[in-house]
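Subject: Model handover and notes

Hi,

Here is the structure you will be working with. My notes follow below it.

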Amino acid sequence: MKVRAWATMSADSKLVPFSIDRRDPTERDVEIEILWSGICHSDIHQARGEWGRSAFPMVPGHEIVGRVTRVGAKVTKFAPGDLAGVGCMVDACRTCTPCTEHHEQFCEAGPAWTYNGTELDRKTPTFGGYSTHVVVTEHFVVKVPSTLELSSAAPLLCAGITTWSPLKQWAVTKGSRVGVVGLGGLGHMAVKLAHALGAEVTMLSTSAAKKADAQRLGASDFALTTERATFKTHAGRFDLLIDTVAATHDVDALFRLLKPFGALVIVGIPPKSLELKAGSLVGGNKRFAGSSIGGMRETQEVLDFCGQHRIGADVEVIPAEAVNTAYERMIKNDVRYRFVIDAKTI
Ligand code: NAP
Ligand code: ZN
Ligand code: ZN
C-alpha cells in the first residue's frame, strides 16, 4: 500500500511530502491508521545526522497513536477499531536473553528501530510515524487507554517510557527526592510521572521563564543550573537526577546535588561528549548511569499508569507542513512541551 509521509532526503535538507510503501499485514501484523505523531528531539538528531548514522530518505517519528484498521489472522491482542500505540521499535529477535527478559531495546541481534533502521531482514528500510499508516508486528504495538486525550498520549510512546523506566529502575516512591534536568518533552514527562509516584520533584532548568510551568506540572521546587548558588543550596539533596538535556552541558556539577549513593541517570543524548571528573563520582559513592527507552512490557505499563492517573503530555498540535518550523523552535528551546503532528494533515 502506498501511503503519504513527510521525509528528509539528507542531513541538511528540510522535510518534504513523500510517498512510502507499507506492507499488507502478515498473520501477526497490525495495520494502524495514524492519528497523532509526536516530535522527539531524537528525530532532529537523526534527521540532521547528528549521531552519525543516518539513512535517507528518512521518515522520522516514534511517538505514534492511531486506530487499528486491519489485523493478521493470528493477531490476538488487537481488533479493527482498537486504539494502538507504536514507539521506538517495530521488531526484535524475541529469543535472545534481553528480549526474553523484556528489554527488547537491547536485543542482541539489534532491534528493528521504527525509522532510520531496517526490518529484521537487515535490508528493508523502516519508516516512522510522520505518515498516515504503519504496519507493525503485534508484540511491538501497545494498547492506548481510552481515558487519555489521544494527541497527548502519543508522546508517552517515547518521552513517557524513557522517563518512566529510570523512575522504576531506581524504585522512586513516595518521599523520594528526584531532580529533573531540562524541561522539554522528556523533562516535563519526568516531572509529571515522578510527582504521580509520590516523589518530591525539583526542576533544574536553564530557563527562568519555565518556573511556573514546572510547578504546575508537579515540581515543588525550581532551580536554575545557570546560577552557582543552586549547587550550594541544593547540595547533597537528591536520590536521583534524571538528565534530559539535548546539548552539551556541565554534568560534573550535577553530582554535587546528589546524596551519597545517589544516581545521575542520563537519558538525553547530546551529539558531543560530556566531561566528568572522577572525584565527582568517588566522593559519596555517586552512581552515573544511562537509560534507553524501555521494553514493550514497560511501555504498556507506563501507558496503563498514565491511563489510570490521566497523565498525558502538554502538547502543541501542528499540521505536517509546520514540521520544519517545529524543529527550528525545538532547537531554540521554544516548545511547551511537545509538538504533535495531526496525521490528517499528512
Ligand atoms: P527537548 O524537548 O528539546 O528538551 C530538551 C531540554 O534540554 C530543553 O527544554 C532545555 O530545558 C534543555 N536544554 C536544551 N539545550 C540546552 C543547553 N544548551 N544547556 C542546558 N540545557 C539545555 O528534547 P527532548 O525531546 O526532551 O529530548 C531530550 C534528549 O533526550 C535528546 O537528546 C533526545 O535525543 C534524548 N532522548 C533519549 C531517549 C533515550 O532512550 N535515552 C529517548 C528519547 C529522547 P531547560 O530550558 O529547562 O534548560
Ligand atoms: Zn524519542
Ligand atoms: Zn533479541
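How many aromatic pairs does the rule give? The count is two aromatic pairs. The rule takes rings of Phe, Tyr and Trp (its six-membered ring) with centres within 6.5 Å; planes under 30 degrees apart are stacked, over 60 edge-to-face, and the rest tilted.

Conventions first. This is a predicted model, so local features need pLDDT of at least 70 and side-chain atom pairs count only at pLDDT 80 or more, while totals for chains, interfaces and linings use all residues. Residues are numbered from 1 along each chain as its sequence is written, chains are lettered from A and ligands numbered from 1 in the order in which they are written, and side-chain values use heavy atoms, with hydrogens and water left out.

Aromatic pairs

One pair is Trp164 with Phe305. The ring centres of Trp164 and Phe305 lie 4.6 Å apart with planes at 45°, so this pair is tilted. Trp164 sits in helix 4 (residues 159-169) and Phe305 in helix 9 (residues 296-309), so the pair links parts 141 residues apart in sequence. Helices (H or I, at least four residues) and strands (E, at least two) are DSSP runs, numbered from the N terminus. Trp164 is buried at 1% relative accessible area, and Phe305 is buried at 12%. Buried means under 20% relative accessible area, exposed over 50%, and partly exposed in between (1.4 Å probe, protein chains only).

Phe255 and Phe288 also pair. Their ring centres are 5.2 Å apart and their planes are at 85°, so the pair is edge-to-face. Phe255 is in the loop between strand 13 (238-243) and strand 14 (258-266), and Phe288 is in strand 15 (residues 287-290), so parts 33 residues apart in sequence are tied together. Phe255 is buried at 1% relative accessibility. Phe288 is partly exposed at 35%.

Arg287 is in strand 15 too. Arg287 is partly exposed, at 42% relative accessibility. Beyond its neighbours within four places in sequence, Arg287 has contacts (heavy atoms within 4.5 Å) that include Phe255, Leu258 and Leu281. Arg287 and Thr226 are 61 residues apart in sequence and 23 Å apart in space, C-alpha to C-alpha.

Nonpolar cores

A nonpolar core is a set of buried Ala, Val, Leu, Ile, Met, Phe, Trp, Tyr and Cys residues joined through side-chain atoms within 4.5 Å. The largest one has 99 residues; Ile39, Tyr130, Leu167 and Leu193 touch the most other members. Helix 5 (residues 185-196) gives the most to this core, six residues. At least three residues come from each of domain 1 (2-158 + 294-345) and domain 2 (160-290). Those bounds come from an automatic or database domain assignment. Apart from this core lies another, of 14 residues, among them Phe231, Leu241, Val251 and Phe255.

Zinc site

The zinc ion (ligand 3) has four protein donors: Cys93 (SG), Cys96 (SG), Cys99 (SG) and Cys107 (SG), at 2.3 to 2.4 Å. Donors are N, O and S atoms within 2.8 Å of the metal (3.2 Å for Na, K and Ca); water is not among the atoms, so sites may look incomplete. Angles among the four donor atoms run from 104 to 120°, and the site is tetrahedral (four donors, all angles between 85 and 135 degrees). Along the chain the donor spacing is C-x2-C-x2-C-x7-C. Cys93 is partly exposed at 27% relative accessibility, whereas Cys107 is buried at 6%.

Best wishes

Methods. Four donors count as tetrahedral if all angles lie between 85 and 135 degrees; four count as square planar and six as octahedral if opposite donors are over 155 degrees apart and all others between 65 and 115; anything else is irregular.
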